[in-house]
Amino acid sequence: MNIPSIGEFEELVLLTVAAQHDEAYGVSIQASLEGKLEKSINISSIHVVLKRMVDKGLVKSRYGGITQDRGGRRKKFYVITALGKAALDQQYAIRTSIYNQIPKIAFGE
Amino acid sequence: MSLQPPKYSLKFLRWFCKDDYLEEIEGNLWEIFDVDSETSPNRARRRFTWNVIRHFRPAFIRSFSTEPTNYRDMLRHNTLLAFRNFKKYSGSFAINLVGLSTGIACAILLYLWVGSEVSMDKFHENDSRIFQVMQNLVRPGDTLTISSTPGILADALKEELPEVEYAASVIPTDWFENPEGIVGYEDQFVQAKGQLVQPDYLKIFSWEITQGNPDQVLADRNSMVISEELAIKLFGSTDAALGKALQWDQGVSEGTYQVSGLFKTPPSNSTQQFDVLLNYDIFYQRRKEQMDKWSNSDPDTYVLLREGSSKADFDAKLKNFARDKFEAINGPEYLHYVGVLFSRKFSDGYLYNSYDNGQQAGGRISYVKLFSVIAIFILGIACINFINLTTARASRRAKEIGVKKAIGAKRGSLVNQFLIESLLVTAFSMVLGLVLVFILLPAFNALTGKAISLGLDLILPVIGITVIVSFLAGLYPAIYLSGFKPVGILKANVIGKTVDGFSTQMVRKGLVVFQFSISVVLIIAVVVVYNQMELIQTKKLGYNDENVVALKSSGKLYDEMETFVQELKKVPGVINASPFGHDMVGDYGGTTGVAWPGQLPDEKIRFGNLEVGHDWIELLDIELLDGRTYTDNYLAEEDNIIFNKTAIEAMGLEDPVGQTVRIWGKDRLIIGVVDDFNFASLYEDVAPLFIQLYPDLSTVLIKVDGQRTAETLAQIEDFHTEFNDGLPFDYTFMDDDYQRLYESEQRVSVLSRYFAVVAILISSLGLLALAAFTTERRQKEIGIRKVMGSSAIGIVALLSSDFIKMVLIAIMIATPISYWFAEEWLSSFAFRIDLSWWYFALSGGAALLIAGLTVSLQTLKAAFLNPVLCLKDE
């Protein structure tokens, strides 16, 4: 299977989805990323990225139950797929391998 | 839950967002809003709206098109279904086809007729700038509008008004007592219509000069320009004509002229029809004394305005143009002899030809409008049949619609399906309709006196009518049928109620009432028009025009008229003969120059003036009330005069015979008084009139023996040919001339008869189908009723009463409407029928009878059906 390439923001959202395992939905992802990155992120960008990743097969979704909150709307939870995990792994491997090639000398002592 | 997100933002989100994402997005936004609103409600609302706007991006916006993407397949599917439906329900298909094709054929015929009326005279290149100068002769209470103008007006206008590019005086063919002159070449004589025009005439109008130099053909008073048609008649070809010398005989314009050019014969959509053009100067020079007066009106005046100049400015300058000229020369005393001038667009003259007291008052345009409306109504009636049949039989389609909707068909695609069905029916009807038009066109042309042919320019209107009709007929059923709720119709036992509810039945009944109202209005119109035409044709005119031949005089006959008349009386079969200067159908002289004993200082009466031979009163059987008629001693009778009854009453003379009046400054002795007779059209009351003896006149009236008319006419012709050196024998029957006066009314009468028949036919067709449908649906009920002992009559009454009620309502609506229209139309006649109640009763009764017969065709069948047959199954 071809592993699709992912962009930086996609990677961050995918990581969050993976980290929050089965409990990730729009607002929780937004809150977590805002906390980590210390900048505000609009919910619409999260929605767009999630949509794109569903299309690519990196995540899959399911609906939660109806509650009194959220105007009675169900939450849509996202779970990372095997392909998504592979993409993260690949990304991580590439980064680490390149990182390891940095000569110590380059930073001076 | 205290706070709600902003309503409109939420609505907007729900409107644009794809269903797949809406729940997730809305929920998340709502959650953010809830959190935010704990700190600041305003900020929360702002952020909510902002977030909604941020989501307005292609990824989430849904598709707004309801069209399926597989157009070709859907089209094939719908067409196939339509054909299957036509086959399955061939009865209602046939009724729709017949109704629509008849309606369309009527509409196309009327479209062609209206088109040809409207295009009259529009073909000139400068059409928008050609104006005719008209004249209002202002008299207290009765202003007369005429097209003749002073003979020096055109030149003065061209010289003095900067707006005028070209101006021409024209003596039209009908200025002459006999519009046909005679062209002679060697020993050939041919009748031809001649106009005398100024050279600018050819610059104003776009007549095509095919030979000769257009700037020179009318340069001098010897030139004559003739039509190609006339050239071919005289010389056999168009090449031999130039330079030939021709004899021309027509009143003042007679003489020998040289052919200086040829023009293409005017097309049939031109009101100006002529074969010969001569220089206006001939006419002007020969009548110079009158022509130089501003108070005299002979020629028509046409102008071509410069580009960019306005009619309003021109009219303002034109208004008192002739009056000012007259006043400058003659002073103010007789100023009322001169008219107030105004301009009329030349090509409007044909349709807007009627004036009432100086104001434009319709004319042919009213018939054009009338028939356009009738065409639309007839199409409407045909569309209503389609609408009623489709909605009445909706239950048959209910299952189909229900299933389609249940498996996901959108309303739009169902609407498409039904529209395609109506488009197909309309297209078939259009083909049939065109075939009908093709078959009927010769008869229609004969009826309307037109030369309409079918051409390619009909393609656009044909497509237009097809599309419009299919929408008119198909839109309501399509929207109605596609609006069914699938759950309701799939539960079989409630179909009747869901599908054919109270409101649709009301719509259907309303439409039937509308159809029959129109039919009844048309029937009443036919009855009224027919009776009025009967009145006109049989009205006692005050004279007897039976077997009276009117012979136009020319040549030797004109010069030696008295001899001719005396000789003519010896021809066997000729009962009487007399010269006559007019025609009894609108042509008569007129003057206010009469002074009588006891006249008040300012009192003026307009008198009609007929110039006649001495036997004229006897020939026409006009009743003499007092005194005597003229003798054949012209010299002795020169100072005598005869009045009609109205004239004597208008002047207030007691014991008139023997009294003296002054006419044009000459004393005249009243020798007789005749009873009133109609010397103009029946649109006008009989006016005061004097009859004077005059030796040389334009026409000879001949009373012949009705038993051997053809034989006598042949003998008169022989005698005429011999006497008049072979000039053509050109005669009409006087009663024919009279009929011709009411030609347009006759046409309206005949046309309205046909259209009324078509309207009632199509309406009845629709009623027939509706009745068939209702009866079919109530078969079980009828069966049970019969079993229970109901009589056949009772069942017929039960089934028919609904329809009869509708027709009765239609009659109630139609009666006042048609009463109003009939009054309007009749009020233009001075001699008219009174509207009596039985016109309306007759028409309503006829409609009721036709509707009743139509419905009973179906109901009788149902009533005599064996109840076993309709109750056995289920």
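Which helix of chain B gives the most to the nonpolar patch? In this predicted model, that helix is H16 of chain B, covering residues 459-482, which contributes six residues to the patch.

**Nonpolar surface patch on chain B**
- The patch has an area of about 720 Å² and is formed by Leu423(B), Leu456(B), Ile459(B), Ile463(B), Val467(B), Phe471(B), Leu475(B) and Ile479(B).

**Helix H2 of chain B**
- Helix H2 of chain B runs over residues 19-39, and its 21 residues should span 30 Å at 1.5 Å a residue, which agrees with the 31 Å that separates its end C-alpha atoms.
- H2(B) is mostly covered, with 15 of its 21 residues buried.

**Contact between chain A and chain B**
- The contact draws on 21 residues from chain A and 23 residues from chain B.
- The size of an interface is often given as the accessible area lost when the parts come together; between chain A and chain B the buried area is about 1900 Å², and carbon and sulfur atoms give 51% of it.
- Four salt bridges are counted between chain A and chain B; Arg73(A) forms a salt bridge with Glu26(B), in which the closest N and O atoms are 3.0 Å apart.

Definitions and conventions. Residues numbered from 1 in each chain as written. Chains lettered and ligands numbered in written order. Predicted model: local features only at pLDDT ≥ 70, side-chain atom pairs only at ≥ 80, totals over all residues. Heavy atoms only, no water. Patch = residues over 30% accessible without salt bridge, like charges linked within 9 Å, V, L, I, M, F, W, Y side chains within 5 Å. Areas by Shrake-Rupley, 256 points an atom, 1.4 Å probe, with all protein chains shown as cover. Salt bridge = Lys/Arg side-chain N within 4 Å of Asp/Glu carboxyl O. Helix = DSSP H or I, 4+ residues; strand = E, 2+ residues; numbered from the N terminus. Expected span 1.5 Å × (residues − 1). Buried < 20%, exposed > 50% of the residue type's maximum accessible area, 1.4 Å probe, protein only. Contact = heavy atoms within 4.5 Å. Buried area = accessible area lost by both parts, 1.4 Å probe.
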